[in-house]
Amino acid sequence: MDAAIRCRGLKKRYGDVDAVRGLDLDVRKGECFGLLGPNGAGKTTTIEILEGLLDPTEGDVVILGRTWKADEQALRERIGLALQETRLSDKLTVEETLRLFASLYPRGPTVAELLAKGQLEEKRSARYETLSGGQKQRLAVACALAGDPELLFLDEPTTGLDPQSRRGLWDLVLDYKSRGGTVLLTTHYMDEAEKLCDTIAVIDHGLRIALGTPRELIASLGGTQVVDFAVEGTLDVAELEALPSVNTVRAEADGYVVTTTRLHEILPPLLAHIEGKGAPLTRLATHRATLEDVFVHLTGRQLRE
Amino acid sequence: MSERRPHALTQLVLARLRSFYREPGVLFWSFGFPLVLAVALGIAFRNRPAEPPRVAIEDGPMAADVDAKLQASGAFHAAILPHDRASVALRTDKVSLVIVPGDPPTYRYDSTRPDSRLARALVDDALQRANGRQDEFRPQEELITEPGARYIDFLIPGLIGIGLMQSGLWGVGYVIVEMRTKKLMKRFVATPMKKSDFLLAFVLMRGIFLVVEIPVLLLFARFVFGVPIFGSVALLGAVAVLGSLTFAGLGLLVGSRAQNIQTASGLINLASMPMFIGSGTFFASARFPEVVQPFLAALPLTALNDALRAIMLDGAGVAQIAPKLGILAGWGVVCFALALKWFRWR
């Protein structure tokens with residue numbers, strides 16, 4: 001039994017709105033699993049159901065071999081979490097906040113250890129209201145670690161943080177993982193998912209539309225190279241698809257995106273085709289496919305829309 | 001991990017206390033405001049020596065005669081005014097009564113004004129005596145201004161009561177809703193915290209602050225205004241604790257479901273307004289019509305104020321205030337029960 005999380009047919013309906021529409025997830029112990037999707041995709045609803053804070057409309061959830069209905073108290077002692085937005089008590093200091101959270105768990109690191117984990121030693125006597133966004137978020141994660149959890153849930157842990165604070169938080173997560181912890185996190189940042197996650201489920205409109213390692217997902221595009229170009233006038237997508245070595249073609253508002261596994265084979269015929277149509281090239285760029293491309297390919301939308 | 005794990009309930013209570021005393025605004029409303037109110041009302045309604053009634057004599061042939069008679073009695077501020085100005089003076093409260101000289105004279109006044117009725121009686125007495133009426137007897141008078149019978153004595157127990165109500169409703173109800181809107185409660189529910197500890201922390205916090213809140217007001221009242229405590233201080237403390245628990249329960253109930261601070265404020269005002277006015281804090285609830293008296297008597301703040309007043313001013317013991325304590329405890333039990341039944345944790 002090495003499943004940390006297993007859910008089947010998860011559905012959540014708010015009135016007429018289907019936030020989650022039948023989700024299956026398997027998270028292995030010791031891995032970092034990412035739920036990737038744009039705002040409103042159902043990520044927070046999903047993670048809060050898995051955290052036992054929301055009841056699903058339908059579906060089964062098993063966490064660490066137990067269910068929320070039967071074993072809530074025992075599970076609470078074994079998991080840790082940071083909600084997407086929690087304002088901790090403004091008037092309490094970092095140390096007081098950590099001591100409070102530590103007191104709620106039967107076992108776990110000392111307050112000094114938690115301060116060290118969150119790199120918050122220098123801020124131990126500062127009130128919560130005076131902390132920066134990154135410090136607040138590190139404190140939130142340190143609170144999540146107060147019970148020495150086997151499983152850590154993080155809902156958009158770095159949203160709104162500056163690059164340096166994000167890296168600080170990533171270090172915290174990687175450190176937890178390196179000591180055998182399991183992580184489920186949601187994010188709409190590609191770089192975060194690539195950096196932290198062993199497995200990624202791409203979620204959109206409450207459905208899982210792709211699953212795999214970051215490498216597998218990028219490979220699933222059928223090409224690891226992306227050609228992004230624009231011309232004056234328009235081109236026929238079907239004709240582009242007929243060109244040699246082309247895997248996929250997509251027309252965008254301001255140009256075309258072609259994927260391929262053989263960049264060197266595609267460029268000459270593509271340029272010849274464009275010249276033959278008498279449409280002057282206004283932009284041409286190529287890059288290795290990223291998760292962003294996977295997402296756009298799958299949904300036709302940008303992640304951060 | 002050699003460090004002993006901190007105790008959950010202790011930490012929850014400490015968190016409540018710290019959040020409370022580190023908020024200067026809250027401190028003022030809890031400790032300063034009742035003192036300011038006591039001083040302001042104590043000064044505004046201080047006992048003053050009775051002032052002679054102000055009356056006007058309408059100008060005319062016999063005005064000087066009436067004026068001389070009133071001056072002779074020495075008990076009035078009287079002035080001779082033309083008809084129009086006398087009417088204006090009466091209407092604008094400058095005088096309590098207008099005397100129209102004649103045989104017999106006419107007294108013009110508003111019978112709903114206590115000062116006018118008093119002036120009428122005194123003027124009538126003075127004029128009748130001046131015209132030769134003999135008193136049947138001369139009564140002996142015993143004047144009192146004892147502590148315990150003044151307005152400030154009436155006020156202080158009420159201020160304690162209303163303070164307990166406000167702290168319970170705002171300190172528990174409002175804070176709980178605030179924690180809910182900030183998702184802080186959800187965060188705690190996501191830990192193995194005992195929910196009873198979370199709620200108990202609010203109640204204990206109220207109990208601890210009581211120990212500071214009430215002595216401050218009582219000592220202030222004692223040394224500034226000489227307000228006495230005729231009954232048992234221990235009983236007074238016990239009743240305050242009961243009142244505090246009851247209003248913590250009401251606060252919990254008010255905060256049990258509200259999802260935002262506006263709703264919470266509305267509910268708190270809705271709950272406290274009838275008691276603010278009707279529970280005999282600033283004036284006796286007996287002033288309200290007979291029909292609403294049973295309703296007012298059933299309010300928790302009325303019961304608390306009556307009990308506190310009975311202990312402080314009448315030296316009442318447990319037996320005399322038992323019915324009031326029953327009402328108070330009943331409210332407490334019902335509020336706690338409903339709050340726990342309805343409480344929205346997530």
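This is a predicted model: local features need pLDDT of at least 70, side-chain atom pairs count only at pLDDT 80 or more; totals for chains, interfaces and linings use all residues.

Author: Let us begin with a term we shall need: helices, of at least four residues, and strands, of at least two, are DSSP runs numbered from the N terminus.

Reader: Where is A:Glu156 found, and what is its phi?

Author: A:Glu156, in the loop between strand E6 (151-155) and helix H6 (163-178) of chain A, has a positive phi of about 45° although it is not a glycine. A:Glu156 is buried, since 22 other C-beta atoms lie within 10 Å.

Reader: Which peptide bond of chain B is cis?

Author: The bond from B:Asp103 to B:Pro104 is cis, with omega near 0°, and B:Pro104 belongs to the loop between E3 and E4 of chain B.

Reader: How should I read a helix, for example H5 of chain B, and which of its residues are buried?

Author: An α-helix has 3.6 residues a turn, so residues three or four places apart point the same way. Helix H5 (residues 114-130) of chain B has 17 residues and reaches 24 Å from its first C-alpha to its last, close to the 24 Å expected at 1.5 Å a residue. The buried residues of H5(B) are B:Ser116, B:Ala119, B:Arg120, B:Val123 and B:Ala126. Because they cover an arc of only 140° around the axis, they are on the same side of H5(B). The elements that cover these buried residues include strand E1 (54-58), helix H3 (63-73), strand E3 (97-100) and strand E4 (106-108) of chain B, whereas the face of H5(B) turned away from its buried side carries the exposed residues B:Pro114 and B:Gln128.

Reader: How many residues of each chain take part in the contact between chain A and chain B?

Author: The contact takes 24 residues from chain A and 22 residues from chain B. On the side of chain A that touches chain B, the largest share, six residues, comes from H3(A), and the residues of that side divide into eleven nonpolar, five polar and eight charged.

Key:
Residues are numbered from 1 along each chain as its sequence is written. Chains are lettered from A and ligands numbered from 1 in the order in which they are written. Two residues are in contact if their C-beta atoms, placed from the backbone, lie within 7 Å. Ala, Val, Leu, Ile, Met, Phe, Trp, Tyr, Cys and Pro count as nonpolar, Asp, Glu, Lys and Arg as charged, and the others, Gly among them, as polar. The expected span of a helix is 1.5 Å times one less than its number of residues. A residue is buried if 20 or more other C-beta atoms lie within 10 Å of its own, exposed if 12 or fewer, and partly exposed in between; C-beta atoms are placed from the backbone. The arc is that of the directions from the helix axis to the C-beta atoms.
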